Amino acid sequence: MSTPAVSSVHQALQKSFKNLENCQKVWKSALTECSPLLESLGNLAEQSKALSNVQLSDTPLRVFPDLEDRLRFKLLQAMDTVLGKLNDKLSSLQSVRDTISSHASGVLQLYELHADSLDLLAVTERSATTPSIADMLGWLQDAERHYRQQFLRRKAVLQMLRVDNLSLVESAPQRWKSLESASAEDCITDILCKVSFFMESELGK
Amino acid sequence: MKTLKLLSVDPSDRGSQRCRLGPELMSALGLKLGSPLLVSVPGGSCLCIAWSRSDMAEGFLQMDLKCCSPSLIPHPPTHLHMDCDRLTPVSCPKLKTIKITVVVQSASFKKHTSSSLVHELVKDMLKGVYIHEKHVINLEDFDTEIKYVVIEGIHPDSASSGLITAKTGVEITRIQTVRHYMSQLREEHTVSLGGLDEVSASLREMLQLPLLYPGTLNSLGVSCPRGVLLVGPPGVGKTLLVRRVVGDVGASLMVVRGPEVVGSRPGESEEQLRAVFERARSAAEEGPCVLFLDELDSLCPRRTGSSSPENRLVAQLLTLMDGMDRSDRFLIIGATNRPDSLDPALRRPGRFDREVVIGAPTMQQRRSILSVLCAKMPVCPSVDMMELAQRTSGYVGADLSALCREAAMNAIRENSKGSGAQTLCMNHFQDALKLVRPSCLRSSLGRTELSPVSWEQIGGLDDVKLKLRQSIEWPMRFPEAFVRLGLSRPRGVLLFGPPGCAKTTLVRAAATSSHSSFLSVSGADLYSPYVGDSEKALAQLFRQARACAPCVLFLDEIDSLIGSRSTGQTSSGVHTRLLSVLLNEMDGVGLKTVERRGTERILQAEGVGECHTQEQMDCQEVCNKDVMVVAATNRPDCLDSALLRPGRLDHIIYVPPPDQQARLAILKVCTRSMPVDADVCLEDLVTNTELYSGADLENLCKEAALLALQTENMEARVIKYTYFLQSLRKMRPSLTAQQIHTYQTPLTS
């Protein structure tokens, strides 16, 4: 417990977990901002679908010239704006992912640096307040994997939207929502709970 | 050496590529957290990173199959005990570039997604993954359309494994769909198939030429065949053959079962059929593809009436098959066991160009099927496959596999009683033979359960027995001798003689001694109130008998069954029509094409250079491919003369009433199971029973025994001579001298 290698790894881990706590907040807020955007995207898609279904010349609106093209242009423009905003949000999600990735790989590198002085006994040693280094490293990687998966799935949903397939755009909000499973987000909370004593205890030092 | 128990992976570890080990084992192998580790399991290997178990327990192994051999994807290893030396630490340098094939879920994703997006996604997914050459990376945990990545090559190629970093270049060589990839994987574990080499070779050639060399055919200006129709009785392995050949050729297979396509609403079935063809077309864009329509007769019955819904379905299939142009590189295979009920429009070149007939297997084919089936079973070396093949005439592939299963079950049952080693012996197969009957005889008219009778159970009649053996047993036993002397097997045997002289019993004994199938028909089986039904039934009977040749077909009381044309007043009666069917079947022009069977052609092509037993077996096959008709009558004068000429019923055997010696033999056989008193003199009885038939003598013994029970109550222990004499006094012989005389005059007069 007292060797310099162990304490340096512990410090790095503690820092990473604090960071993870922040990241979780940023991620959540970014996601909450995303959902109204997606809703409006779905609405726009529904509108343009309705537009292509209706025969404007059969309605009283036929007196307006080029109405269909103009409407379509407006809708597409609105979609573009929404997608631009979503892209901004996506980049903030990406920054969260990148932060966690760099932390996870940084701690692993630090461990590998000290690997010779840290035998498996030291790595797997644990106490009531401090989980073992192996477990904590694992958790950090789990968190990193979780964010990577989430980010990729969301990116794939947005990137695969096409103008010529409106029903795909229309169903995007549902698919986006289905990616948010409570259990997946809970695993991050779980991890943070498991290391809460570790983070506080080290603070006093 | 400690063994490790392989457990299934923890859900939280899924996608992490971790391999959870006990810490002691890790330090014994010199592993740190996160060191790459190659685990070899039966059928492949898996690259993982080592991690300690959170409960520190030793002796267990949990690994995530993120990067493993392709063969492990369809069948992941489970419940395995393995040694520690299966784990080898490997070094994984950072890789500069890799070449990969991407496997995606749907064809539409492949079509519509830009390659740069796929590249971006795949690169993100692969970051930080340890890979091994020729392995497959499972990306299902990302839950996107991209399912797997197959590693085609890595650079630097000095190492066989490495780590992908953000700087590793990723080169996508091609994109495949999961269906296509899985069908490629599956072909590596194809089922083995016995006895269909000839058909499968011709089918394979037909598939391979247009699918693999379309350019050559185009330059020759030949349009390649588009459809093949497989015809054969159920259970011969049509479906299996297609699966096998398709796997060998490396094409992807789409199976359509008739009832699956048919929907309840009008137009629904046609729509589904079009969708099937569309799917086949899109699958064919990725590589050769075969569309297999199983049970085609249910999908496309003969068109009748004007507005039945099947007509539209048939028409749709016809137009779809015509609509296939040369650029569609897929082939249609249909399979049916009722080719006659198909719509004739389907069976023309341009639709189903070729028809391949698979008949019931011959003896050689049965032997190879049996050896394939038994290859995985612990069969005792004393089991003679040849003998089994000989005894299973009329069995198709499905029957043989049922036979092997039944034999294995017998062995298990015996083993559970706690005796002997776990091998299959001949007696297991013999027991199974009693249970599993050939399926081509299952619905047959003449299928009879016959209790075995040995020749010894028939007293006297040695000449007749010899003649019967000559015509039934010898061609089976000594085929080479028959071939050497240019003898052909007799087509038919007629037994005639006074009633009660053991004609039927003789036939039963002959059927028992030769191991051929035995069918027996009586008038009740054949007659029906509908015109033409009886003839059809008789023709069907012959067809079934030929399918399971060598076969003995027994027509008892043939005079009542068939009748004669010369004496009959009604020339158009059922009898005459039946007679004409029988004459045709016995010596007709030829067989129907559907009944074609395997080896004939081979035999004529390669006669020399085979081992002796092989030759003998072949001889036997050739000599015994016909049906032997055995008829019995006690009114030979009523038979039509056309039936009696050589080539039909060649051997006409008179079964005489028993003479003195024969009667003695019969009495001995009859009294064998009876407690006869010591003073009974059988010779004396023989002299008193002139003109008694065999049946009479048996009745005499029965009467005597009953008399004994009657007079001495139920306590009788022995049958005394007086009882025999008393019952003899009551009885009259059933034959008369005049009757015997008419039989002995030559038939032709």
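I take two strands to pair if DSSP finds at least two bridges between them, and helices (H or I, at least four residues) and strands (E, at least two) are DSSP runs, numbered from the N terminus. I note that this is a predicted model, in which local features need pLDDT of at least 70 and side-chain atom pairs count only at pLDDT 80 or more, while totals for chains, interfaces and linings use all residues. Residues are numbered from 1 along each chain as its sequence is written, and chains are lettered from A and ligands numbered from 1 in the order in which they are written.

**Entry 1: a sheet in chain B**

I looked up an open sheet of chain B and found five strands in the order β16-β17-β18-β15-β19, with parallel pairing. β16 (252-257) and β19 (354-357) of chain B are the edge strands, each with a single partner, so one side of each has no neighbour in the sheet. I then followed strand β15 (residues 227-231) of chain B, which runs parallel to strand β18 (residues 330-336) of chain B and is joined to β18 by five bridges; B:V231 stands opposite B:T336 in β18(B). Helix α7 (residues 238-249) of chain B lies across β15, β16, β17 (289-294) and β18 of chain B, and runs at about 160 degrees to β18(B), where angles run from 0 to 180 degrees between N-to-C directions and axes are lines fitted to C-alpha atoms, for helices over the stretch in contact.

**Entry 2: chain B as a whole**

I found 29 helices and 24 strands in chain B. Of its 749 residues, 38% count as buried, that is, with 20 or more other C-beta atoms within 10 Å of their own, the C-beta atoms being placed from the backbone.

**Entry 3: where chain B touches chain A**

I looked up the contacts between the chains, two residues being in contact if their C-beta atoms, placed from the backbone, lie within 7 Å, and found 23 residues of chain B in contact with 21 residues of chain A. On the side of chain B that touches chain A, α1 (23-28), β4 (44-52) and α3 (115-126) of chain B each supply at least two residues, and the largest share, four residues, comes from α3(B).

**Entry 4: two helices of chain A**

Helix α2 (residues 67-113) of chain A packs against helix α4 (residues 133-159) of chain A at an angle of about 155 degrees, with the axes 9 Å apart. I therefore record α2(A) and α4(A) as roughly antiparallel to each other, the term for angles over 145 degrees.

Technical notes
Parallel < 35°, antiparallel > 145°, perpendicular 65-115°, else oblique. Buried ≥ 20, exposed ≤ 12 C-beta atoms within 10 Å, placed from the backbone.
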